[in-house]
Amino acid sequence: MTNPTAAMLVIGDEILSGRTRDANMYHLANELTARGIDLKEVRVVSDDEGAIIAAVQTLSKGYDHVFTSGGIGPTHDDITADCIARAFGVAIDVREDARAILQAHYDRSGKELNQARLRMARIPDGAALIDNPVSSAPGFTLGNVHVMAGVPSVFQAMVASVLPQMTGGAPLVSCSLRVEKGEGDIAAPLADLAERYSDLSVGCYPFQDNGIHGANVVVRGSDAARVDAAMGALKQIFPA
């Protein structure tokens, strides 16, 4: 049985301009790997309505789960929720359960739930809320698309909220071997190994370390016994 698949859509001009370094992909990839859900694709798009809608529709059709990050805050350029609604052809408006969550949060903090902040209670019709224990403003799930904040601490909390509800598969096992030879010297035997263990992923990642040229060879798969067998064969080819 194959694992469920996932894609991630990172939304925001600040990512593409280099002003902000995305940390959410790294976190999501690790969490999905542990859950047995295979992250297959990551896209980054600007704060552009057409680009967001097109990406959501394509990824939603291609994968079991889609996770988005960014663009659900209170400012004018936070357009993700509206784009998700349009991608699915549903209406969007302030929802009372989301409003109540925000009202309680701002009452506790002594701040006003003004019109800008109320934008974060606008939820597409038919969506389920995603809990946000960090700053209260909820994310939401519509269809197979899970819409989350871009702030890493909030994104991580939202991932923790939704993952337990998902059916996973076999967690990915990963082992690596440092080989102090150039890629050109190890390419042929690695190709043979990859063919022998075609059910596994065999990756080659070169490095330069204090004048030493080499590569870390990484073997990944959901069958731990097969990964161990491939690593045994790898160590015979490149003994320490």
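A salt bridge is counted here where a side-chain nitrogen of Lys or Arg lies within 4 Å of a carboxyl oxygen of Asp or Glu, and by this rule the chain holds eight salt bridges. The model is predicted, so that local features need pLDDT of at least 70 and side-chain atom pairs count only at pLDDT 80 or more, while totals for chains, interfaces and linings use all residues. Residues are numbered from 1 along each chain as its sequence is written, and side-chain values use heavy atoms, with hydrogens and water left out.

**Figure 1. Overall view of the protein chain.** The chain has nine helices and 11 strands, where helices (H or I, at least four residues) and strands (E, at least two) are DSSP runs numbered from the N terminus. Taken along the principal axes, the C-alpha atoms fill a box of roughly 65 × 40 × 35 Å. Of the 240 residues, 41% count as buried; buried means under 20% relative accessible area, exposed means over 50%, and partly exposed lies in between, with a 1.4 Å probe and protein chains only.

**Figure 2. The salt bridge between Glu-41 and Arg-43.** The side chains of these two residues meet at 2.6 Å, N to O. Glu-41 counts as partly exposed at 22% relative accessibility, and Arg-43 is likewise partly exposed, at 28%. Side chains of opposite charge can pair when their charged atoms come close.

**Figure 3. The salt bridge between Glu-96 and Arg-99 in helix H5.** The closest N and O atoms of this pair are 3.3 Å apart. Both residues lie in helix H5 (residues 96–109), where three residues, about one turn of the helix, separate them. An α-helix has 3.6 residues a turn, so residues three or four places apart point the same way. Glu-96 counts as exposed at 51% relative accessibility, whereas Arg-99 counts as partly exposed at 30%.

**Figure 4. The salt-bridge network of Arg-178, Glu-180 and Asp-209.** These three residues are linked in a network of salt bridges, and within it the side chains of Arg-178 and Asp-209 meet at 3.3 Å, N to O. Arg-178 lies in strand E9 (residues 173–179) and Asp-209 in strand E10 (residues 201–209), so the pair ties together parts that are 31 residues apart in sequence. Arg-178 is partly exposed at 39% relative accessibility, and Asp-209 is partly exposed with a relative accessible area of 31%.

**Figure 5. Asn-210 in the loop between E10 and strand E11.** Asn-210 is found in the loop that runs between E10 and strand E11 (212–221), and its phi is near 50°, a positive value in a residue other than glycine. Most residues other than glycine have a negative phi. Asn-210 is exposed, with a relative accessible area of 77%.

Figure 6. Ser-136 is buried, with a relative accessible area of 13%. Thr-141, in strand E7 (residues 139–142), also counts as buried, at 17% relative accessibility. A polar contact of 2.9 Å joins the side chains of Thr-141 and His-146; such a contact is a pair of N or O atoms within 3.5 Å, of which, within protein, one must be able to donate a hydrogen and the other to accept it, and residues adjacent in sequence count only if both atoms are side-chain atoms.

**Figure 7. Helix H4 and the glycine that follows.** Seven of the nine residues of helix H4 (residues 80–88) are buried, so the helix is largely enclosed by the rest of the structure. The buried residues are Thr-80, Ala-81, Asp-82, Cys-83, Ile-84, Ala-85 and Ala-87. Just after H4, Gly-89 takes a positive phi of about 70°.

Figure 8. Patches are made of residues with over 30% relative accessible area and no salt bridge, like charges being joined within 9 Å and nonpolar side chains (Val, Leu, Ile, Met, Phe, Trp, Tyr) within 5 Å. Asp-13, Glu-14, Asp-48 and Asp-77 form the negative patch. Asp-48 has its place in the loop between strand E2 (38–45) and helix H3 (49–62) and is partly exposed, with a relative accessible area of 38%. Leu-16, Met-25, Val-42 and Val-44 make the nonpolar patch of about 310 Å². Val-42 has its place in strand E2 and counts as partly exposed at 32% relative accessibility.

How values were computed. Accessible areas come from the Shrake-Rupley method with a 1.4 Å probe; for residues, only the protein chains shown count as cover. Lys and Arg count as positive and Asp and Glu as negative; His and the chain ends are not counted. The place of a charge is taken as NZ of Lys, CZ of Arg, CG of Asp or CD of Glu.
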